[in-house]
Amino acid sequence: MIAAEGHFAIVSTGESRQPLAALLRMCGLAGEFRRDGSRADVAAVERMAATMHDRGPDDSGVWSQGPVALGHRRLKIIDLSAASGQPLIDPAAGLTGVFNGCIYNYQELRAELQAKGHRFFSSGDTEVVLKAYAEWGLDFVDHLIGMFAVAITERDSGRLVLARDRLGIKPLYLAETPGVLRFASTLPALLAGGGIDTSIDPVALAHYLSFHSIVPPPRTILRGVTKLPPATVRVYEPDGRVTEHVYWRPDFTRSAERAGWSEKDWQDALLESLTTAVRRRMVADVPVGVLLSGGLDSSLVVALLAGEGQRGLSTFSIGFEAVGGRSGDEFVYSDLIAERFGTDHHKIQIAANDLVPPLESAVAAMSEPMVSHDCVAFYLLSEVVSQHVKVVQSGQGADEILGGYHWYPPLAQAGREAALDTYAKAFFDRDAAGLARVLNPAYLAGGDPAREFVAAHLGRPGAATAVDAGLRIDTEVMLIDDPVKRVDNMTMAHGLEARVPFLDHEFVELAATCPPELKLAQGGKGVLKEIGRRMLPWDVIDRPKGYFPVPGLTHLEGKLLDRVNDALHAPEARRRGLFRDEYVNELLRDPNRELTPLRGNKLWQLGLLEMWLQNHGIG
């Protein structure tokens, strides 16, 4: 389980910072691009889009022209006009596009593009994305500040362009067969389109069981589905050519122009950058909330909102009944923040015997299997939050960006040569021998794929120290395919948009160059703790590191244990034969004995995978 500080309450802002005519589209997109000479299957695209009703419950649209079809589900944060509906067609530019996300600087870009002669027929950010592409071509992504997945097709050339934001906050899944490409915001949407190879990818399975459920792009657990990597623009030509480029990658080395900075200089610069990031994510004419546990990261977001003049704050915290001696709430800390900033505070307590139904719902909402217990908490929290606000800010990402995890100090001591072993010891759930103990031979990929992947990533140029290399892989891979994906899946299951100021790309760029010793000070995130001392109760800053499991999922017993047992012995599981019977039976005899280095339950890891496969009809 990843440390999940700051994610179990909301603070809703009663005042909007600036009124906007049409900005937000936290939605779901889908499409098909054919290169076999036939027309696009519009019915398949409609089926794909229909599965994403929760991501976009307010409106829908489908467009097709020859070999291309695009579909969209729309979440109206505000009362958008028909002119901003999607798929959006720009006849003058010869472009049609679908977009999921939010461009925070869309107003500035709109003014810049108007000065260049572009005329707008809507007031939303989707048209800004299309006009940016018309003006700058494939470099349009360099001008966008925000989170996005976008598909644009050119009328005259027949080209299709796919792009994803720098930190992978918005997902984009792909399924390619000879002559046909399909894409969607969720993996289950692609399944609804039909024709997907749903066999298990052994390499991805090895990652899932070793790399704490993280399957790095482009793979997913299914052979027939991939995902577009973050910070990537991919171009599909009608003649079959495919090209792509990575347009952003932070540099984890020291910057010459900042060589003389003092600790206070770093604190001031990071605070200014984070304040800008929070301010950017306030744009809306509906209340914007903050997911809060009372930990450092999310509490800082609340404090910065208050500093920007927000009033009428209302907080909601979620906690779980203790199981096996493990606490399931951190209300004492969220209470401190509520008192300091005068919020209207609400606490929601969930009993352990109530977890099976929300667990089933959370699994159904997962685009890929995720073992973190936080998924259930996020699902339940989002269900409540969505009844009060449609937009929230989150403290996600601070640990990965600013050195909050327990494996960073050992990396500093180990140095580059021992970085791989140090990282693996702290983070990996299994090695090659462990995989052989779990999996039946047909599903063994050979070698140790996760270790090989991490070794290559840690050894890549552009990281000055072992700590920098560890922070880089966690920023570019782990963060995106665990915490960020978890938040997107669970919030969007309730039509709730989550924004992550710690993942503002300019803040990430600055933090990447910050000396590791400033990040690792004071037990981790030292530079952020010093910023926090300027505005937060010190009890929140100096508390022990907060790991927030759902105890009922960590300590398996009762109905939840029965559910895992049922999943592992279901007919589909028997036919699939992923796991060795002797290993499964050994875990079931003592279900809480084997834990991962991150305190996850290994039996839960196997059961969750089977639950996900069965829930999505993969048998």
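Predicted model: local features only at pLDDT ≥ 70, side-chain atom pairs only at ≥ 80, totals over all residues.

The chain has 619 residues, for which a compact globule would have a radius of gyration near 25 Å; the value here is 23 Å, which agrees. Along the principal axes, the C-alpha atoms fill a box of roughly 65 × 60 × 50 Å. The protein contains 26 helices and 18 strands. Of the contacts between residues at least 6 apart in sequence, 75% join residues at least 24 apart. The exposed surface comes to about 20,500 Å², with carbon and sulfur atoms supplying 49% of it. Buried residues make up 64% of the 619.

The part to look at closely is helix H10, which covers residues 374-385. From the first C-alpha to the last, the twelve residues of H10 reach 16 Å, close to the 16 Å expected at 1.5 Å a residue. H10 is mostly covered, with ten of its twelve residues buried. Here a residue counts as buried when its relative accessible area is under 20%. The buried residues of H10 begin with the run Asp 374, Cys 375, Val 376, Ala 377 and Phe 378. Tyr 379, Leu 380, Leu 381 and Ser 382 are also buried, as is Val 385. An α-helix has 3.6 residues a turn, so residues three or four places apart point the same way.

How values were computed:
Residues numbered from 1 in each chain as written. Heavy atoms only, no water. Helix = DSSP H or I, 4+ residues; strand = E, 2+ residues; numbered from the N terminus. Rg over C-alpha atoms; globule rule 2.2 N^0.38 Å. Buried < 20%, exposed > 50% of the residue type's maximum accessible area, 1.4 Å probe, protein only. Contact = heavy atoms within 4.5 Å. Areas by Shrake-Rupley, 256 points an atom, 1.4 Å probe, with all protein chains shown as cover. Expected span 1.5 Å × (residues − 1).
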